[in-house]
Amino acid sequence: MSWRDTRCGDLRQDDVGRRVTVAGWTARRRDHGNLVFIDLRDEAGILQLVLNPERAPEAVASAHAVRNEFVLRAEGEVVRRAPEVVNPGLPTGEVELQVESLEVVSRCPPLPFQLDEEGVDETLRIRYRWLDLRRAKLQRNLRLRAQMLSIIRREMNADDFVELETPIMAKPTPEGARDFLVPSRLQPGRFFALPQSPQIYKQLLVISGFERYFQIARCFRDEDLRADRVQEITQLDVELAFPDREYLFALMERTFSAVWRECIGADLGPPFPRLAYAEAMRRFGTDRPDLRYELELRDVTDVTRGSEFGVFGRAPVVRCLTVPQELARSELASLEGFAKERGAKGLAYLVSGEDGVVRSPIAKFLSQPELDALAPPPASTVLFAADEEHVVTRVLGALRPHLAETLGLVDESLWRPLWIVDFPMFDWDEEEGAWQANHHPFTSPTPESEALLDGDPGAAIAQSYDLVINGTELGSGSIRIHRPELQAKIFDILRISREDQRARFGFLLDALGMGAPPHGGFAPGMDRTVMLLAGEPNLRDVIAFPKNQAGLDPMTGAPTAVGPEQLAELGLRVVPEGKGRG
């Protein structure tokens, strides 16, 4: 190669005596009297360059002007470092390059932030993303992402899945978030939608006879952002004909176990346990429980029926969780505030001291049998929520991970995957006064639930499932509806008129009526998976070019306004902010 014949990070003691040419970025420059030391960085690592005026006066003269992130090309001899200056923290720490010639390939002005600087504003980091991506953490994250995708493709190929692509410009479908719309110049007044997922296309591919399909798919959802949510996501899309749920679970367990083992040396320990949705909500208050700690919820409604403590006696549901610590009054007050923010009227408690004596303002209202059943063991605290079931679930479901984190109960070295199964087919939307699909409207009910669709759809169970690891939902999947009459019935329940069904999904209903095999699949999120692997709290730090939390790209300035000519060509008009918007 003309620019270099070896990489900085590849040199070791066996290379001592070799003449090499290296190229990379300046990570650090140090002047020690006449000697100049430069840490040169490339994708393989860092190599120390030594420039001695007695051996290379011209190179030393050039080196005095070098600043961080200059691109350099250096030629010289690999030598062994003196024992007292060996750097055990670097793979190349036993050698250095005695430079004979130095070329400044590219210069760099003073940096907007240093690459080793902590706490840099995220908008500034994204504005100069090409610099941010040079940082060791982001280099690691994106290389980890590439390694993960390579392993996934290998595992999919091993089971004869065919990698196929689906359109980016598609038809809007109900996936639970707003669509990004793309105007059509050739069809004025009409719009494509960027896909929230390739849901219908992957079903059509399997109906077409591609019995095992997968894709690393880009998906777009116009929704508010947060630390674990962005508008452009990447997911692994897997679909197969004649699906066997046990096979699909085993395939995903094998694939994710390989990813964890090869990427970070961790064992997920398949087969993964399974938990029914209803049990997960009852025991943990969430359908994505973190199993690295205890703090299970306990239903004590029967124990408190008729209690003299009216908050318990009158509540439809009373549940509690036991904290393995004797909480102080200030801690209890803080937790009560936390609970009230999530809809609780208060947070009752019983605290047991080291001596087992219970203290609580509600203890005097409880009978001895109630105290015997509810009191915590010594040096612990029981927290109660009493209200409608959905309120109790929301409050204690949020309180559980909050307590685990604040009290240091989470063992960060553990990985606890599990499948959540047996989701309800529908959720009741109080505002709309209508049923909504819990998963999506193409999910099949269990065979036993089909009879419930006409009279009691709320009791129907879906053939859907989620994979959860350490409290993070990695992905969802389901067995799909493959009979057009059943699909039409589900649309009916969701109040999609027969006219709308034909207008929006006529092609799918036609395909289902032309020899559609049973089919199903799974779609884990790749961004969240890397986020877990890398131990990153922010999804944007595992994506090469993310938008910021406001959905803007400070680097390019997108989204931007467009000129009136382009708008006219598309048949569009921009309504000024605050005018004509309902």
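Biologist: Arg125 first, please: is it buried or exposed?

Modeller: Arg125 is buried, its relative accessible area being 10%, where buried means under 20% relative accessible area, exposed means over 50% and partly exposed lies in between, for a 1.4 Å probe and protein chains only. This is a predicted model, in which local features need pLDDT of at least 70 and side-chain atom pairs count only at pLDDT 80 or more, while totals for chains, interfaces and linings use all residues. Residues are numbered from 1 along each chain as its sequence is written, and side-chain values use heavy atoms, with hydrogens and water left out.

Biologist: And which side chain does Arg125 meet in a salt bridge?

Modeller: That of Asp132, at 3.0 Å from N to O, a salt bridge being a side-chain nitrogen of Lys or Arg within 4 Å of a carboxyl oxygen of Asp or Glu. Asp132 is buried too, with a relative accessible area of 0%.

Biologist: How many salt bridges does the structure hold?

Modeller: There are 49 of them. Another one joins the side chains of Arg283 and Glu279, at 2.8 Å from N to O; both residues lie in helix 7, four residues apart, which is about one turn of the helix, and Glu279 is partly exposed at 29% relative accessibility. As for networks, salt bridges with shared partners link Arg125, Arg129, Asp132, Arg135, Lys137, Arg140, Glu536 and Asp541 into one.

Biologist: What about Asp10, which residue is its salt-bridge partner?

Modeller: Asp10 pairs with Arg7, and their closest N and O atoms are 2.8 Å apart. Asp10 is partly exposed at 35% relative accessibility, and Arg7 is also partly exposed, at 31%.

Biologist: Switching to the sheet, in what order do the eight strands come?

Modeller: The order is 6-9-10-22-21-20-17-11, in an open sheet with mixed pairing. Strands here are DSSP runs of E with at least two residues, and helices are runs of H or I with at least four, both numbered from the N terminus; two strands pair if DSSP finds at least two bridges between them.

Biologist: Which strands stand at the edges?

Modeller: Strand 6 (162-163) and strand 11 (274-276) do, each with a single partner strand, so one side of each has no neighbour in the sheet.

Biologist: How many bridges join strand 9 to strand 10?

Modeller: Nine bridges join strand 9, residues 212-220, to strand 10, residues 232-241, and the two run antiparallel. Within strand 10, Gln235 is the residue that stands opposite Ala217.

Biologist: Which strands does helix 5 lie across?

Modeller: Helix 5 (residues 199-207) lies across strand 9, strand 10 and strand 22 (519-524), at about 25° to strand 10. Helix 7 (residues 277-284) lies across strand 11 and strand 17 (417-421), at about 85° to strand 11. The axes are lines fitted to C-alpha atoms, for helices over the stretch in contact, and the angles run from 0 to 180 degrees between N-to-C directions, with contact meaning heavy atoms within 4.5 Å.

Biologist: New topic, where is Asp39 placed?

Modeller: Asp39 is in strand 2, residues 35-42, and is buried at a relative accessible area of 14%. Leaving out residues up to four places away in sequence, Asp39 touches several residues, among them Trp25, Arg28, Arg30 and Leu47.
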